[in-house]
Amino acid sequence: MQLDTLLHASFKLLDDAVTDWSTLVDRLEELKKDAEDGLHQAANKANWAGMNAQVSKEFIGKTAGEFADAHTQAKTIHSILSDTRGELKGYHRQLTEAIDRGRKKNLKVIGYEGGFTVTSDVPPEGRAKADTDNQGDITALRDEVQGILNKATQSDDSASTVLQAIADQSRLGFSDANYSDRDSAAAAVKAAKELAKLAKKDPDDLTVKDFDRLNDGLKKYANDALFGETFATTLGPKKTLEFWTGVTDTNRGNYELTHKRLDQFDDLQRNLGTTLAHASQSDSLAMTDWKRQMIDIGDKPIYGTSGGPMGFQVMSNLMRTGDYDDQFLHDYGTKLMDAERRLTGNGEHGNGVWQQIGSSPQLNRIGEDSGSDPLTGYLKGLSNSPAAATDFFNQQYVSKDDPDNPFERDSDDANTYKGKVSLSNFQYLFEERQWPQEADSKGDDLHTGQNNLALALEAATTGHPAGELPTPDTPAHNDQQAKLFNAIVASVGDDSGRLTDNGYMSDSMGQMASEYLPDINRAVSDVARDEDSHAWNDIKRLYPVAGTDASLNHPDVTKFLFALGQNDEGYAAVEVGQQAYMAKLMDYHLDPDLPADQRFSENTETTVRYISSRSGELSGTLGLGRQEAIGNPGSDEDKEFDHSMAQYKNAISGGVGTAVGVGTSFIATPWIGALVGGGAGTATSLVLEQVFKDAEGNALADKYQQMGDAWQAALVTNNEYVGIGAHTAATEHGLSNAEDIETWSREGARQGYVNARALLDGQAPGSTTSPG
């Protein structure tokens, strides 16, 4: 800051800018509220269908979010400008007062390009002597003025730095970087540079104090956009990989870290990964180049000719936490699979390069797997980024026209010959890949990679991060999500061992199925999908699908549900979801005010029997799977099923009364409706209350013991749930024949449950469940 610039500063333009930004913040506050209340919430309550459910609703949600981000960014900019203006005005006043005090002592301050000088205000011929006599006052004034200019420079520079950083965060749209004042934003940038400098040290030279400072700083600023971008770009891609490899490699020479902070390596991995994830969302030129370089070095040893793990092996372990930029994940995954093809002969053999050996560094500290297989960490990253996951799994892994394609399958309907087939990334990973083998500390096989595959598939098919439930903001399933779910069901239908031999995947598979229950119920109707057919259009009215129908095959659905039913978590996810969906369907279709063009049938009995029969079939198929798994009623395995059922009470927000009972948006996807609102006493809430009460009391196991037949006992229990749902819905709508409706529902459910046993016969080779 030049002396004359601050001394003669006119603050009118800055005052005008602060005022304008204040006005803009107020206007954007109003627009944000209007967008949220008038657009976003209204869109979530609307009955979307077709492309509107997939595109318009999501677009409106994102648009409302842009208004919120615009308000956040404007508020941050206003705070920074206001703080800077206040400080600069203060420094201007301090400078003026200092010069005035000097003038009273016959001292004057003269500014020039690049600096200033302080001298005695006397004629030139006496100035040398006067300066000598006043040297103490001159030095004091010079230091005071310089101090003021230094602080003004710092204020101006820090404002410029953070404003530029905020502007660079988002090339299109607005940044959600939120700071209440300039100093907090400047502190984040400063801390990022200091910690990046620390991380550039040779890992062997890091002290415990250094480690703690890094870990604490990354944790503090893990979700800070400016910090993340500054830290990542200052450290650089290669140094990022060298830092994590060096810290986590206990074979190196840093005895102090290994023995004093080994138990905190997992925290550092989480904090570093989350920081880089936030950084990847930045559109700045520096971050764009960072992402490009990281992908470029992915298939190269991080120490160059000196060896070491590949870049992909290191970086993928830092993807296990945080939501990385979708385009970065796409580009990263494309090159990662290129490396997989090259190192496995297009998948013909295992990947020895990514197999953990004794001397390899333990690149992963979250869980027990070593992290040597980069797909394990990458898939975990995809589980947090649904759109990127959907894109990845639908990409082609190998073409049937590739001369080096090693995969041959039955190529005609009669299965008379085998031929080359194209495989998607999903098919390769789920059906063909030879996963590197690892064991835990007890010698038991680890399957972290396949488990992360299931989590990523959950995100890819549902549109929300794995381990979460959908919200009203979750868009309806699009064609790519539905296509992938269809492929999953067909794959398990083709070979149920792909799921039953890997039961740890069933919790994710069950959650997927619970969110595709309208599609599943359509499939078991066995009505041809002919848009000109009255029967098919009736089924579409009975089971409305807001987005794209997954077009499932009935036999595949039966085998898929039978396989899921053999795992307690998979069973619980679908059984709880189906009972909730059944009850809501009853509530929806028994409403006398339902428009005629949305009715399945004008005959109430036909509608009730159809809903209950198909619901009974699905529960019956799951029940057969459960019976296959438990062996004996009341066994430990049996209790695990009840325990998993009971856990779903917590999954839907901790209470049935407040979690269920909603409007027609529930029809599209069961769990979304469970989160929209409602109250106790609805058909859905009463059914789920009974489901959870039975599970917590092991009621089904007790019935097994009393009746001597597990499947028959489950049939009776299912009939109770269907009866409660139908009777409650009829009563809620004031129908006079509620008792008849309950009877029809119980009879329909029983028939569907019995049908499940007949349908399964011959469709599940190796099953010990005999047909009845």
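**Salt bridges in a predicted model**

Colleague: Why does Lys300 count as partly exposed?

Modeller: This is a predicted model, in which local features need pLDDT of at least 70 and side-chain atom pairs count only at pLDDT 80 or more, while totals for chains, interfaces and linings use all residues. Residues are numbered from 1 along each chain as its sequence is written, and side-chain values use heavy atoms, with hydrogens and water left out. Buried means under 20% relative accessible area, exposed over 50%, and partly exposed in between (1.4 Å probe, protein chains only). Lys300 counts as partly exposed because its relative accessibility is 40%.

Colleague: Which residue meets Lys300 in a salt bridge?

Modeller: A salt bridge is a side-chain nitrogen of Lys or Arg within 4 Å of a carboxyl oxygen of Asp or Glu. At 3.4 Å, N to O, the side chain of Lys300 meets that of Asp299.

Colleague: How many residues apart are Arg433 and Glu340?

Modeller: Their side chains meet in a salt bridge (2.8 Å, N to O). The pair links distant parts of the chain, with Arg433 in the loop between α17 (425-432) and α18 (448-462) and Glu340 in helix α14 (residues 326-344). Helices (H or I, at least four residues) and strands (E, at least two) are DSSP runs, numbered from the N terminus.

Colleague: What separates Arg541 from Asp538 in helix α23?

Modeller: The two residues form a salt bridge, with the closest N and O atoms 2.3 Å apart. Because Arg541 and Asp538 lie three residues apart in helix α23 (residues 534-542), their separation is about one helical turn.
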